[in-house]
Number of protein chains: 2
Amino acid sequence: MATNAAQSQNAKPLRIAIAGLGTVGVGVIRLLATNHDLIAARAGRAIEVVAVSARERGKDRGVDIASYAWEDDMTALAARDDVDVVVELVGGSDGPALALSRAALGKGTGLVTANKAMIAHHGLELAEMAEEAAAPLKFEAAVAGGIPVVKGLREGTSANALTKVYGILNGTCNYILSAMEATGADFAETLAEAQGLGYAEADPTFDIEGIDAAHKLAILAAIGFGAKVDFAAVSTTGIVQVRAADIAQADALGFVIRLIAEADVKDEGGVPKLLQRVRPCLVAKDHPLANVDGPTNAVVAEGNFSGRLLFQGAGAGDGPTASAVVADLIDIARGFGKSGEVGAPFSMPVAQLQAFGAAEPGHRMERTYLRFTVNDRPGVLAEITAAMRDADVSIESLIQQGRANEGGEVLVAMVTHEGPEANVRRALELLDGSDSLTGEPLVLPILPN
Amino acid sequence: MATNAAQSQNAKPLRIAIAGLGTVGVGVIRLLATNHDLIAARAGRAIEVVAVSARERGKDRGVDIASYAWEDDMTALAARDDVDVVVELVGGSDGPALALSRAALGKGTGLVTANKAMIAHHGLELAEMAEEAAAPLKFEAAVAGGIPVVKGLREGTSANALTKVYGILNGTCNYILSAMEATGADFAETLAEAQGLGYAEADPTFDIEGIDAAHKLAILAAIGFGAKVDFAAVSTTGIVQVRAADIAQADALGFVIRLIAEADVKDEGGVPKLLQRVRPCLVAKDHPLANVDGPTNAVVAEGNFSGRLLFQGAGAGDGPTASAVVADLIDIARGFGKSGEVGAPFSMPVAQLQAFGAAEPGHRMERTYLRFTVNDRPGVLAEITAAMRDADVSIESLIQQGRANEGGEVLVAMVTHEGPEANVRRALELLDGSDSLTGEPLVLPILPN
């Protein structure tokens, strides 16, 4: 019988086509060139780019694409008979990326993509197509950049029923929050700096509103809990409301603030429900996620046998993302997905994924950080604490800022004892419309350690 | 064409035999029972225990083994025709574990093992047998318990040339060092406590001398650098010399002390050489490994495209280890290693692994913590600092403990500027035999951030 060594010398290269030649596409070309021999040794055969497509052919990208076939219409990449795997790096949940992906899998050509939005919205359809065609579909780069966490959940923790998956999935928000922590600057100023440094996009909405993290969470939840991808059910709160003063208060209490994406499945009245939410949280300084600074991402998976596992690394950037894309290609070159045996992209076949209803977490117990901005006048504190009492929210500690700011505004921050989330919401409803409050209160749950 | 879903309903179970029914073996049986349906859905077929072997048949283990075939001679498990994969959980680098493993792979039966010593000593031979037979050989549980770091390096970082792999690979040492940190107690006392709590064995030699970590490092180095496993070349220093006073000094300087296993490949005179060493190091408190406390393990892999990746979790225990064993079984059930395509256990075929010479790290630059215990009399400090000067070691900071202890002994601790490791060794040679010193000096390198 042929050994692996013999196979690798005789084996045909894995032929790929790349759609999209932005920083990640160019990164993939660079990586395949730089580590060519190493990859061939590990994959058992070379990985060769045969064709590319992008918006502009002549643009100088710092890499020579003259030896690759060019397609003006990227969907034509899928029609080529000399392509084993299409690498989709165009982005966007629909449009050309989706058309190309459908065309590739429809023809039985493998698909590797870094497109979190497309997988969050259309992952199930694409996975079904991949199963039908026994073609590999892989998307490691769609979640947490260079961290092999899709593989980590699909294969590393595969023996476990997971109790929880959570983490820091958006590098832009994490950069902003940890920079605010380091400098004491406020959100708007720090966002502008992050944009200048390339850590935030010109239109940062998807990042700072938590939508990007929600895309990634929906993918991880599907893999981790055997759930049908359900992006629409992710409850999402961004970081725009977080002030420098909140970070200072959190620090004084022993916490940092991080945008946390979390998912779990718990029984509600005998029916398992999927919780998926993205929200800024207070994280105790001795929690592993509290030390995740800058654009770094990290994912914690808690299994019923493995215990708590942490995967951490660069969540974005051309190098790390290319690393994830090419790891997928090496898996395919090694035989992953051959005849479909090891190919279920979401860890189990689509037909076996469950459509969980969305969890109603109101009865769940948590500690909460609450911050009010109020008018500096007598009786305000009594009004707030009465609302807490009436909603059965027990206050663990309370800080009122000594002096009003220029607008005559005072900051009141408190941490509650553990209690039902719904009670805190009720307390805020009781205070809704009060002319003591000068702005929307901020509610930050405290991540359990 | 059959879809995965259809396959999973029709597929035959993966039939396994377990050798060794200690805590891990029992953990595997428990895990397979507890998560049976989930595993079948993910693996595409059930995983069924058909036969077991251990020293004592009748022992009460808390699980019912009556429905499994029993073999008094564990090697007979490999001879059975109803077994697809043998799970070796006996331990020991040679003896019955090795005989069983050879018998299984020789017959073309798959092998999953948690045996770090056997893989560190005989991994290449077993991998060659696996290649010849096109049988899967997997050993995720041999390194870092439940953390999928063998997979992480073999597949997650497969696109990268690694610049460095390092981490905390021994939970016993990490438990002792972080407990000493928390309590201020000395080594012997803390070891005794760890033994009482089950974090250290009655004979702790393999752990506290760094041999266990060296086994694991040799395996990771092989996978990460495409090296022939070379356990004999690992340079190993244990933690026995670390005193409570060292931990206190390190703390004052902004560091913690951890047993660090590290490997890299660098050119020495144009020839690539493999560095493998295990030694206690000072780790800056803002380094990800400084927050790894108790019996936790963590591995950092630095790739030329991925950047720094961290894998962290429980490094031992029946649950985490069983999680890793069964993850390997699920991979095999899914088709891993079928016809040998994706099977190279060390990431590339044995014939392509390189036999690097051992690195001579003396010229490498590092900062060092040095601690001397000296007689409390005039001139001692001058003698030490003169030796440093003569060996061209530049001192960054120096602390002399104010008062002598009961034995008239004073502690002198210093941190050097970055300089060649060999210079520090030379300084110690100059001081060798000095009657000013009351004991062996302690040298702890400072891990670069």
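For these notes, two strands pair if DSSP finds at least two bridges between them. I'm working on a predicted model.

**Entry 1, the sheet in chain A.** I started with β1 (residues 14–19) and β4 (residues 85–88) of chain A, which pair in the parallel sense over four bridges. I then looked up A:Ile18 and found that its bridge partner in β4(A) is A:Val87. Stepping back, I see an open sheet of six strands in chain A, running β3-β2-β1-β4-β5-β6 with parallel pairing. At the edges I noted β3 (69–70) and β6 (137–138) of chain A, each pairing on one side only. Helix α2 (residues 23–34) of chain A packs on this sheet and touches β1, β2 (47–53) and β4 of chain A. I get about 155 degrees between the direction of α2 and that of β2(A).

I superposed chain A on chain B: a rotation of 180 degrees with 0.0 Å of shift along its axis does it, at RMSD 0.0 Å. The copies are therefore related as by a two-fold rotation axis. In chain A, the C-alpha nearest the axis belongs to A:Phe311, 2.5 Å from it.

I have 61 residues of chain A in contact with 61 of chain B. On the chain A side, α13(A) gives the most, with nine residues. By type, I count 28 nonpolar, 23 polar and ten charged residues on that side. Of chain A's interface residues, 100% are also interface residues in chain B, so the copies meet through the same surface.

Which way do the two β12 strands pair? β12(A) and β12 (residues 307–314) of chain B go antiparallel, over three bridges. There I found A:Leu310 with B:Gln312 as its bridge partner.

Terms used:
Residues numbered from 1 in each chain as written. Chains lettered and ligands numbered in written order. Predicted model: local features only at pLDDT ≥ 70, side-chain atom pairs only at ≥ 80, totals over all residues. Contact = placed C-beta atoms within 7 Å. Axes fitted to C-alpha atoms, helices over the stretch in contact; angles between N-to-C directions. Least-squares fit on C-alpha atoms with pLDDT ≥ 70 in both. Nonpolar A, V, L, I, M, F, W, Y, C, P; charged D, E, K, R; others polar.
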